[in-house]
Amino acid sequence: MSSPGPSARPRTAARSRAGLVPVAVILLWAVVAALWPHLVPHDPALQDPTVRFRPPGPGHWLGTDQFGRDVLSRVLAGARPVLVVAPPATALGVLAGTAVGLISGTVRGWFDDIVMRVLDAVMVFPTVIAAVLFIALLGRSPLVVVLVVGAAFVPIVARSVRAATLVEREKPYVDAARLRGEPLPSLMVREILPNIRATVLVEATTRLGDAVFAAATLSFLGLGQPPGSPEWGAAVSDNRVWLQVAPWTVLAPALAIGSLVVAVALLSDALRHRLEAR
Amino acid sequence: MTAGLRVEALSAAYGPATVLHEVSFAVTPGETFGVVGESGCGKTTLGYLLGGHLQPGGRHTGGRVTVDGTDILALDPAGLRRWRRTGVAFVHQDAAGALDPTMRVGTQLAEVLRLRGLGRGAAAAEATELLRRVRLPGEAARRYPHQLSGGQRQRVMIAGVLAARPRLIVLDEPTTGLDAAVRADVLDLLARLRAELAAAVVLISHDLDLVGRHCDRVGVLYAGRLVESGPAAGILGDPAHPYTAGLLDSAPRLGMPRRVRRLAPIAGRLPVLGATSPGCVFAARCPVAEAACTTAEPALDERAVPGRVVRCLRPGTAPRITAEVTSQTAATVRPEPGQPPLLEVRGLVRGYGDTAVLDHVDLTIGAGEVVGLVGESGSGKTTLARAIAGLHAEGTGQLRFAGAALPAGLRRRSPALRRRIQMVFQDPDTTLNPSQPVWRILKRALRTLRGKPGVAALAARTRLDEELLRRRPGQLSGGQKQRVAIARSFAGAPELVICDEPVSALDVSVQAAMLELLAEQRERTGTAYLFISHDLAVVGYLADRVAVLYRGVLVEQGPAGPVLAGPHHPYTATLVGAAPSEPSQPALVNGAGCLFFHACARRIAGLCDVTAPPLAEAEPGHFVRCHLDPAALPRTEPTTSIGGVRA
Amino acid sequence: MRTFLLRRLAAVPLTLAGVSILVFLATDVLPGDVGRTVLGREASAEAVALYNRQLGLDDPLWLRYGRWLGHFLTGDWGTSYTLREPVAALVGGRLVASLTLALFAFVLLVPVALGAGLVAGARHDTWLDRTISATGLALGATPEFVTGVVLLVVFSVQLRWFPVSAQAGPGDGPLAVLGHLFLPALSLVLLCTGYVARHVRASTIAVVDGGYVRAARLRGTPPARILYRHVLRNATVPATSALGVQLQFLLGGLVVVELLFNYPGLGALLLQSAVDRDVPTLQAAAMVLGLAYLTVTLLADIAYRLLDPRVRLAVAR
């Protein structure tokens, strides 16, 4: 007997309100990324040797760095490079991964075997090494970051979509569709895809968080955009030698990254809970 | 102090929803009390509450449970723990889930004994002895649960009861999901257990037949209320409450096909949990309800029938179905002379990897004929169904359909050919695409199967409420989903519909409605069925002919009556339930002899284990794969003991 | 199990081949002009061309790959362009340093993650669970250099409890070495805890709400005994594979953490050699790191299968 468990908890309302905070944070950064030239108090690239290492205070709310550049302005300007890279990388990884996983899981057979072996090999490949090598090979540009990060997501997304497809594929409603002669595209798009959309959505939000993570990390490693860009990761990396002198120069971009990745993670977790509750 | 179990006005709820409402009964030591009910009626909650356990979210809202005078629900946690060690023991349906997968079986049993104060060594020795007493070999103690079969695991659970020597034993669906032969064995052990421990026993089940045979007294639970309780024979023979009568009249009986005893399904469906109505909970589905029934809940009536308690204003007034005992011979559809059979299966072999599932199966189905296929789980029933449907193509053997070769794989069947063979599946929850509303499911089926009528006409033909068409499968009950699935399979003009356990996931009252629907569709269209079930009574209700599958081999095939009553294969005899099979031994390694050899009561050593038995025609059209002389084959009178409707 | 092992082992050379081809391709195209890099800016164009020819850089790609792989397999890893040291010794020393850090982090990770997951699972859907789960989620989403920076600012700059650099001085005892390693290890642990704890939590819930724990309760087994006998093992075994995944993460995270904490490990070497276009070092560092990665993945898979009797007993057959 299925027990009427405590699934319908009264705190869903409280939860959904708490879920608004991450959305607000993400929207805020999106607005900043779009409009930062109108929002920054100073030119983020402007060097002023008279105000080097100024601690946070009036005039420079988050202080200044070794060149006397305004940290707040640089943090605001640093939102764009991340947000320009992460969503397209996610879209690339999720779209390609879903297509591969759905086709592979529906068709099965030798095609599936080959695809899975290739994905296995790619998955085992250490991502960081691959990223270092690829970027060394292809040069530093947002497009390269999008390609590298997106490509790294393809096997992950493909495997989880394939797993979900295999589960659905074994269900009688798919057998019934095959018995009445539905063609393969119809099986995939009409029958299976709508029923694995939760998996795809959860993958998309999870990968978005990972993409921000990866973009920030690549930037920290000096593999993001060319030097001089106000990227958050690069700012942490460039200023870490001044950690003891001017911790704010490191802390401010670090916390900016933290706020964005945590917001995305909480949003994707909330989404996952909602989809799984159904 | 009262010896035994006393349940007084016990109530429980999940959140605001009442699941048990003032349930009262008493069980004396040595007595067995059966609790019968369909899913969602509160059986499981009641069972756990007897051990002082509430499932997550559950609340005890009133009443008492006393065992030998101890008020269980008033004990503090430490006291409850101490009481449970010797006070109560449970046997659940899911023995696999009740055993820790990472601990050896012997260690788990020893743990129970050590809780009773035994030392480590003594507990281990006693555990082995207990396993021996439930007819498990001594080395079973060193096995992990997953290395045992379902029946063996259930025996370990029974050994656990023996270890605890409790005052109260709660058996919650102890044999559901076990195969017929194993089931007889487990029930036999349970009967001995009862005799030995002299404990109060509560047997919870959805199976009326089982409860009728093994209980002294019975309570019928409906929507959390005990609607009727009293002596088992009386209640099952002459029910007073309309719900009890409805349950009995919707359960098929072995040896009573549809033309002899037509089932009467209960209308409507179980009230949603927590739904409240001022009157009787059964009024909405009751055939004899009157105005008074909907205004106030009937009180427990102890005088209407002596020795019984009934919660009904009009006890004993519900109309009953009667069996027409006719001498009418089987109305088997005889194929027109010269016409090929609709479906011919020859030497079909199917498997998964190296495991053979079907071994040279031969089967024919005539146009318009209903062939029942029975066998225990793992016998290959579903594989055979899927092979015929073209969903499992890898393997050898020939298929012919209406005289022409039928390609093994769906992909190689022409669209026109595909439309002639459709399928109805077991699990109502996955049989429909959950993201499409019912009308779209049917519309798509009509389009692809070239069905003539519109969605509304199709729905009407299968008695599907118009208002259900706009719903998605998630908003339908199990019976409604299965009805949509049947409608879908009849969207075109199928000549063969393969029904793979179409009613086994449904409750008795819903099951009857589905069997009736299938029967009506067949009468209307003349479609043939391959009807698969593990339940012989269900198969016997609809089938013209019956085929019996045992571990991938078709051991018997013939007209329904003789196959079920005999002379039949010794294996079929165990399915019908009269002969408990011997405990199964490991399978034959060489596989040269009869696969049933190890469990057969009539085996001929030196013959059956060496030579594969031939398929012999025991009677015209009735084939049995056995070395025994047709005259020596067992015969079985159906042993159904329920009720006065016995033919 | 045997087929599983064989399949996994068969995949190792395949993946290694993939790693080596990628490493070779990237590094072969990458350096531009090796002779120029090695001989320096002042060398004449003729000298550079001669040097390149002597190195065989004009040969076809597959020949160069074969030669390179042969050298690699025979342990002839060349000399670092920038550090002027034999690459084998250099990479060996760095590998030891990295493994020390990774192992320390792993030793910290196991009790923290298992404990957090068990507590959250056993008390699931309480404020304690929600706090643990949300914290783990947030930390798991945050890059290790971000948490590392915060840890540095708080514990090194403000409180001065731990040194800023991960590299111990020459005369430091083992305790001081661990003190230097603590913050980098902790930033790795914080990254990985959430993921492992989430798995442990899920399996704990499955166990705690599952049949055999309920059966044990119904037999009157004391709660402590239930936790010890039934929950602990059943809830942590499935998490082994999660730990394996995290071990990979630890290795990958080394690049970042070593850079942030100025730790002379293999990751830092990989990155530095890529930036410096120090091809022999880059090749060796990538190959060794890839090999370590593969080993860890394989070990985690095997460990998981050995811990679960359902799988373990299938091995014997």
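Residues are numbered from 1 along each chain as its sequence is written, chains are lettered from A, and ligands are numbered from 1, in the order in which they are written. Because the model is predicted, local features need pLDDT of at least 70 and side-chain atom pairs count only at pLDDT 80 or more, whereas totals for chains, interfaces and linings use all residues. Chain A has 12 helices and zero strands, and chain C has 14 helices and zero strands, where helices (H or I, at least four residues) and strands (E, at least two) are DSSP runs numbered from the N terminus.

**Chains A and C as a whole**

- Along the principal axes, the C-alpha atoms of chain A fill a box of roughly 80 × 50 × 30 Å, and the C-alpha trace of chain C spans about 90 × 60 × 30 Å.
- Of the 278 residues in chain A, 50% are buried, and of the 317 residues in chain C, 43% are buried; a residue is buried if 20 or more other C-beta atoms lie within 10 Å of its own, exposed if 12 or fewer, and partly exposed in between, with C-beta atoms placed from the backbone.
- In chain A, 71% of the contacts between residues at least 6 apart in sequence join residues at least 24 apart, and for chain C the figure is 71% on the same terms; two residues are in contact if their C-beta atoms, placed from the backbone, lie within 7 Å.
- Chain C is assigned domain 1 (23-76) and domain 2 (91-316), with bounds that come from an automatic or database domain assignment, and the centres of these two domains of chain C, taken over C-alpha atoms, are separated by 39 Å.

**Helices 11 and 12 of chain C**

- Helix 11 (residues 239-260) and helix 12 (residues 266-276) of chain C pack at an angle of about 85°, with their axes 7 Å apart; axes are lines fitted to C-alpha atoms, for helices over the stretch in contact, and angles run from 0 to 180 degrees between N-to-C directions.
- That angle makes helix 11 of chain C roughly perpendicular to helix 12 of chain C, a label given to angles of 65 to 115 degrees, while those under 35 count as roughly parallel, those over 145 as roughly antiparallel and the rest as oblique.
- Helix 11 of chain C contributes L254(C), V255(C), E258(C) and L259(C) to the contact, and helix 12 of chain C contributes L266(C), G267(C), A268(C), L270(C) and L271(C).
- By class, this contact of helix 11 with helix 12 of chain C has seven nonpolar, one polar and one charged residues; Ala, Val, Leu, Ile, Met, Phe, Trp, Tyr, Cys and Pro count as nonpolar, Asp, Glu, Lys and Arg as charged, and the others, Gly among them, as polar.

**Strands of chain B**

- Strand 8 (residues 200-205) of chain B is mostly covered, with six of its six residues buried: A200(B), V202(B) and I204(B) point one way from the strand, and V201(B), L203(B) and S205(B) point the other way.
- Strand 8 of chain B pairs in the parallel sense over five bridges with strand 3 (residues 32-36) of chain B, and likewise over five bridges with strand 7 (residues 168-172) of chain B; strands pair if DSSP finds at least two bridges between them.
- Within these pairings, L203(B) of strand 8 is the bridge partner of G34(B), and A200(B) of strand 8 stands opposite L168(B).
- Chain B also has an open sheet of four strands in the order 13-12-15-16, with antiparallel pairing, whose edge strands, strand 13 (355-365) and strand 16 (404-405), each pair on one side only.
- Strand 12 (residues 343-352) and strand 13 of chain B run antiparallel and are joined by seven bridges, with L343(B) having I365(B) as its bridge partner in strand 13.

**Contacts between chains**

- Between chains C and A, the contact takes 38 residues from chain C and 37 residues from chain A, and the largest share of the chain C side, nine residues, comes from helix 1 of chain C.
- The side of chain C that touches chain A divides into 32 nonpolar, six polar and no charged residues.
- Between chains B and C, 21 residues of chain B are in contact with 17 residues of chain C, and helix 2 of chain B gives the largest share of the chain B side, four residues.
- The side of chain B that touches chain C has nine nonpolar, six polar and six charged residues.
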